[in-house]
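I opened my notebook for a first look at this entry.

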Amino acid sequence: MTKEEQITAENAVDRYADMVYRLALSQMKNKTDADDLFQEVFVRLVSHVGELQSWEHVKAWLIRVTINCAKKHFELYWNKNVDYIEDEETLKGEEAYEPPEEHPVRGAVLKLPSKYRSVVHLFYFEELSVTEIAELTGQKEGTVKSQLHRAREMLKELLREETG
């Protein structure tokens, strides 16, 4: 293997940082938690990078770990019992990640329940197939298709409400 092809944590960050961050943000809905999740995923990668045999394996591992870490975050007692209120000025500022008013579809996706956000994000933004999503999430293909269908219906309604 050449240096560029070698699987290291540094090379994985170079290749997949944007993907992991987009997925973390779609799951967490706020920049602070997404930043924490992003860091946690890559810290875990450092311990497991030697077990990963191909770049495809690295990508799948990163997606799976990002989703699992997000689920664990929301299972914590504190996170189950606290409502986050995002400051509207922060959402409109430089720190915001593609604000809903500029990207209505992404804004609507962020309003979906977590299980639908995951499949929509992986299918449309990461361009994974239904089969790949099913493997990564440990679900049946029919379940993924069903979630995509329901998510599309919810998105239609959300976008209809936003456009008046």
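Is Lys156 buried, partly exposed or exposed? I looked it up: Lys156 is partly exposed, at 45% relative accessibility. Buried means under 20% relative accessible area, exposed over 50%, and partly exposed in between, with a 1.4 Å probe and protein chains only.

I noted the ground rules. This is a predicted model, where local features need pLDDT of at least 70, side-chain atom pairs count only at pLDDT 80 or more, and totals for chains, interfaces and linings use all residues. Residues are numbered from 1 along each chain as its sequence is written, and side-chain values use heavy atoms, without hydrogens and water.

Next I checked the fold. The protein chain has nine helices and zero strands. Helices (H or I, at least four residues) and strands (E, at least two) are DSSP runs, numbered from the N terminus. Of the 164 residues, 37% count as buried.

Then I searched for salt bridges (a side-chain nitrogen of Lys or Arg within 4 Å of a carboxyl oxygen of Asp or Glu). The whole structure holds four.

Lys156 pairs with Glu153, with the closest N and O atoms 3.4 Å apart. Both lie in helix α9 (residues 141-163), three residues apart. Glu153 is partly exposed at 37%.

Glu40 and Arg44 form another salt bridge, at 2.8 Å. Both sit in helix α2 (residues 31-48), four residues apart, about one turn.

Arg22 meets Glu126 at 3.0 Å, N to O. This pair links distant parts of the chain, 104 residues apart. Arg22 is partly exposed at 22%, whereas Glu126 is buried at 9%.
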